[in-house]
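Here are my notes on this one, in the order I'd talk them through. Have the structure open while you read.

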Amino acid sequence: MMFKRNVPGWERLVRIAAGLGLIVAVAVVPLAGAAGWAVGLGGGGLVLSSLLGFCPACALMGRRPS
């Protein structure tokens, strides 16, 4: 399935940095249980959306590529 990219280049860089920061934070700060999983998966989601250039939440809000 092909998606139109809706995340501009500058935002992709910010998402990668934020996602990697969250993943590192989970590794450094011991978060137990659901909180650790939520932060780790959130970071992974940011990295994945930046690599694909497509954000499903932005698509639902009607965001168009710029």
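1. Helices here are DSSP runs of H or I with at least four residues, strands are runs of E with at least two, and both are numbered from the N terminus.

2. Some ground rules. This is a predicted model, so to speak of a local feature I need pLDDT of at least 70, and side-chain atom pairs count only at pLDDT 80 or more, while totals for chains, interfaces and linings use all residues. Numbering starts from 1 along each chain as its sequence is written, and side-chain values use heavy atoms, with hydrogens and water left out.

3. On confidence, pLDDT is the predictor's own score for each residue, from 0 to 100. The chain has a mean of 90, and 97% of its residues reach 70 or more. Helix H1 (residues 9-28) has the highest confidence, at 95, and helix H3 (residues 56-60) the lowest, at a mean of 88.

4. The overall layout is quick to describe. There are three helices and zero strands, giving an α-α-α pattern along the sequence. The C-alpha trace spans about 40 × 20 × 20 Å along its principal axes. Of the 66 residues, 23% are buried, where buried means under 20% relative accessible area, exposed over 50% and partly exposed in between (1.4 Å probe, protein chains only).

5. Now the helix pair. How far apart are the axes of H1 and H2, and at what angle do they pack? The axes are 8 Å apart and the angle is about 155°, with axes taken as lines fitted to C-alpha atoms over the stretch in contact and angles running from 0 to 180 degrees between N-to-C directions. H1 and H2 are therefore roughly antiparallel to each other; the cut-offs are under 35 degrees for roughly parallel, over 145 for roughly antiparallel, 65 to 115 for roughly perpendicular, and oblique for the rest.

6. Who makes that contact (heavy atoms within 4.5 Å)? From H1, the residues include Arg 12, Arg 15, Ile 16 and Gly 19, and from H2 they include Gly 36, Gly 40, Gly 43, Gly 44 and Ser 50. The residues of this contact divide into ten nonpolar, eight polar and two charged. In that scheme Ala, Val, Leu, Ile, Met, Phe, Trp, Tyr, Cys and Pro are nonpolar, Asp, Glu, Lys and Arg are charged, and the others, Gly among them, are polar.

7. Take a look at Ser 50, in helix H2 (residues 34-52). Ser 50 counts as buried because its relative accessibility is 1%. Setting aside neighbours within four places in sequence, Ser 50 is in contact with Arg 12, Arg 15 and Ile 16.

8. Ile 23 sits in helix H1 and, at 37% relative accessibility, counts as partly exposed. Beyond its neighbours within four places in sequence, Ile 23 is in contact with Gly 40, Gly 43, Gly 44 and Val 47. Gly 21 is also placed in helix H1, and its 38% relative accessibility makes it partly exposed. Its C-alpha is 10 Å from that of Val 47, 26 residues away in sequence.

9. Met 2, in the segment before H1, is exposed at 79% relative accessibility; its C-alpha is 10.0 Å from that of Phe 54, which is 52 residues away in sequence. Ala 32, in the loop between H1 and H2, is exposed at 68%.

Definitions and conventions:
Contact means heavy atoms within 4.5 Å.
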